[in-house]
Amino acid sequence: MAWSYGYFTDLNYTHGYYPEMNPAMLRLACLCNAVEPQLPDAPSYLELGFGQGVTINMLAAASSGTYWGTDFNPAQTVEARKLADASRADIHLYDDSFEEFANRRDLPDFDVIALHGIWSWISENNRKIITDIIRRKLRPGGVAYISYNCLPGWAPVVPIRQLMSLYQDYGGGKMSRPIEMIEGAVLFAKEIAKAGSYYFRDNPFARHHLEHMGKQGRNYLGHEYMNAVWHLEHFSDMARSLDEAKLTYVGSARLLDGIDAFQLNEEGTRFVSQIGHPIMRETVRDFLVNRRFRTDIFAKGARPLPGREHRDAWCALAFVLVVPEIDVPKKIMCARGEVALPADKYDLILEALADDGYRPKRVEELLKHDKLRKLKPQDIVDLLTVLTGAGFAAPAQGPSETVSEQCRALNRHILQRALVSMDLHHMVSPVTGGGIGLNHMTQLFVLATTAGKEGAEALANYVWDFLDSTGERLVRDGNKIEAKDENLKEIRILARKFVKFGRPLLQALQIIDALRAADGRMRLSDDSSRQGTFLHGLKERDGIDNYRRVVGCRRRHLDRQRGWACGHSVANGRRELHRDVSYRRSTRTTSTPFQKPFVITPGTVFRCPQIRQSCEFGFHHKWTRSAFRFASARAFSGDPAGRPQTPGRG
């Protein structure tokens with residue numbers, strides 16, 4: 001059998017960064033479920049199937065821990081090692097198969113074992129090998145993160161995947177190049193739909209999904225649909241398969257997935273609240289939201305946190321905004337539809353987090369903040385949880401000089417790469433312990449800033465000189481802008497926004513160093529060559545060394561930066577930068593034909609119709625959530641059992 005064992009290797013995987021894999025996010029998710037996050041400051045971390053290695057390299061650079069990983073695709077391992085060589089972090093990357101890796105004798109015991117997506121694309125034998133690795137090598141108290149395609153959400157799409165797989169084998173795919181084969185398979189499915197298929201007529205979701213596939217990246221489609229194995233299962237199946245590894249389900253790494261008010265309507269919330277068994281309750285929730293992808297956290301030896309310890313653990317955390325305050329929208333999209341963030345509370349917490357130049361602030365400090373005195377402690381915890389889950393804030397850490405230098409080195413490499421490629425959409429922050437989403441235009445502004453350019457005019461001219469030297473142009477309303485003056489006008493708009501809002505935040509996140517940025521040590525050569533460019537170190541900021549262990553995550557995508565919305569396409573042999581001039585993040589929301597808009601008004605978001613007691617842990621909670629999710633109310637309520645003193649917001 002071929003070395004790929006049926007796995008699609010004709011195209012490399014996407015250069016994605018997945019913030020929920022950050023040890024910080026895993027700690028926070030455990031804490032939100034009132035389970036002790038037993039992860040040390042310097043964890044031993046294993047990722048199985050790291051793809052291009054973006055996530056594991058950013059986490060390793062922003063951590064003092066030891067990181068291990070394997071991906072049997074040697075081309076992807078080469079790319080991942082380039083990032084590792086740049087940061088010089090403590091990271092060990094291999095191109096072993098899972099079976100080969102499991103037989104290595106130099107493996108330590110791990111605090112975290114993580115795998116993103118691959119569970120759905122590998123054989124049953126490899127799934128058993130992974131389970132065995134977790135059973136043998138995950139230390140007691142450690143956590144396993146597993147994300148996977150799940151039922152029932154994928155059920156309507158299974159026939160589309162079958163059509164594409166058959167096209168690959170019998171319909172001309174064998175004679176085509178990878179991109180042509182994928183495009184041909186999608187076109188083949190669309191032709192069946194146009195031919196009067198009753199399947200597509202009777203399954204509007206499948207029809208909508210097929211239309212959406214035409215807009216997705218071909219690399220992703222290849223890995224999602226063209227593998228020999230495409231394994232779908234219910235959450236209950238996953239929980240059962242991990243029993244032999246002594247794992248207990250903790251919760252979702254995506255915090256908003258655990259809040260019923262953001263996922264279910266009132267009837268669904270009441271129904272779920274009547275289900276006692278956690279496995280059944282979680283499975284029913286999947287049916288209510290038609291979930292198709294899960295990001296599960298399991299623990300080996302989950303220890304519930306008593307109320308006092310829970311409260312102290314929250315107070316020790318620090319948080320920082322990861323998007324400018326002005327870019328936080330008034331509404332966010334969840335499974336339920338559009339959810340409004342009540343301004344009377346969210347504006348206050350955002351102003352507090354933005355104070356003092358976006359300096360990270362501990363929860364203990366926020367509880368005493370002048371602007372937040374009207375809020376209850378539980379309100380502050382709830383708001384921080386939602387902002388973090390939505391990708392607008394993150395836990396923060398006090399980085400060591402070693403960590404800061406590793407991040408500087410990796411960011412130097414990313415900025416050099418931005419001169420020749422747009423495939424990396426994040427830079428790494430030693431403050432959050434992970435990646436921060438920055439689109440290509442913003443990376444060019446960072447590049448200009450590190451070259452000593454101060455004002456918006458200087459930044460705009462610097463970026464224009466680079467774009468002009470490479471033949472790139474902005475695109476407005478679908479039309480390429482040729483005139484220099486018009487390009488500069490649009491770049492100046494973005495530059496002014498960056499100077500006023502973006503740069504101060506990136507300085508607080510130590511992606512741009514306020515003390516050395518003006519030194520001007522990074523320059524493009526006279527001929528505007530995009531190679532041989534060097535960025536010298538960024539000096540470590542002061543002021544947050546007293547913070548305890550807390551780490552951060554980021555779940556914001558490139559194209560969701562308000563006012564910085566840039567992408568690219570290829571036309572006439574040249575890349576073109578796009579900017580939607582009319583784009584406004586604060587008012588933009590998205591929905592699908594299958595989502596009904598919903599607005600949570602003040603007094604609705606965290607109201608609990610009844611207090612339930614967990615049959616497993618005996619916790620009480622205020623989130624109308626499964627019994628061991630988001631039990632943070634117990635830590636901050638007046639009642640030791642966690643019951644609210646008065647009805648209303650949690």
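Select Arg417 to begin. In this predicted model, Arg417 is buried, with a relative accessible area of 14%. It counts as buried because 14% falls under the 20% cut-off. The side chains of Arg417 and Asp423 form a salt bridge, 2.9 Å from N to O. Side chains of opposite charge can pair when their charged atoms come close.

Move to Glu486 and Arg476. Their side chains also meet in a salt bridge, at 3.2 Å from N to O. This pair links distant parts of the chain: Glu486 sits in helix α22 (residues 484–508), Arg476 in strand β15 (residues 473–476), and 10 residues separate them. Colour by accessibility here. Glu486 is partly exposed at 29% relative accessible area, and Arg476 is partly exposed at 25%.

Next, pick Lys480 and Glu482. Their closest N and O atoms are 3.2 Å apart, in a salt bridge. Lys480 is partly exposed, with a relative accessible area of 25%. Glu482 is partly exposed as well, at 44%.

Then select Asp257, Asp260, Glu282, Arg285, Asp286, Arg291, Arg294 and Asp296 together. Salt bridges with shared partners join these residues into one network. The count for the model is 41 salt bridges.

**Into the core**

Show Trp314, Ile332, Ile349, Leu387, Phe445 and Ile491. Within the largest nonpolar core, of 118 residues, these touch the most other members. Centre on Phe445. Leaving out residues up to four places away in sequence, Phe445 touches Leu459, Val463, Ile491, Leu494, Ala495 and Phe498. Apart from this core lies another, of 31 residues; Leu48, Trp68, Ile134 and Tyr249 are among them.

Stop at Val386, in helix α18 (residues 377–389). Val386 is buried, with a relative accessible area of 1%. Draw a distance to Tyr346: the two C-alpha atoms are 9.8 Å apart, with the residues 40 apart along the chain.

**The open sheet**

Switch to cartoon. Look for the open sheet of 7 strands, in the order β3-β2-β1-β4-β5-β7-β6, with mixed pairing. Its edge strands, β3 (91–94) and β6 (248–252), each pair on one side only. From one strand to the next, the twist averages 15°.

Zoom in on β6. It runs antiparallel to β7 (residues 293–299), and 4 bridges join the two. Select Tyr249: its bridge partner in β7 is Phe298.

Finish on helix α5 (residues 124–137). Helix α5 lies across β1 (44–48), β4 (110–116) and β5 (138–149), and runs at about 160° to β5.

Methods. Residues are numbered from 1 along each chain as its sequence is written. This is a predicted model: local features need pLDDT of at least 70, side-chain atom pairs count only at pLDDT 80 or more; totals for chains, interfaces and linings use all residues. Side-chain values use heavy atoms; hydrogens and water are left out. A nonpolar core is a set of buried Ala, Val, Leu, Ile, Met, Phe, Trp, Tyr and Cys residues joined through side-chain atoms within 4.5 Å. Buried means under 20% relative accessible area, exposed over 50%, partly exposed in between (1.4 Å probe, protein chains only). Contact means heavy atoms within 4.5 Å. Two strands pair if DSSP finds at least two bridges between them. Axes are lines fitted to C-alpha atoms, for helices over the stretch in contact, and angles run from 0 to 180 degrees between N-to-C directions. A salt bridge is a side-chain nitrogen of Lys or Arg within 4 Å of a carboxyl oxygen of Asp or Glu.
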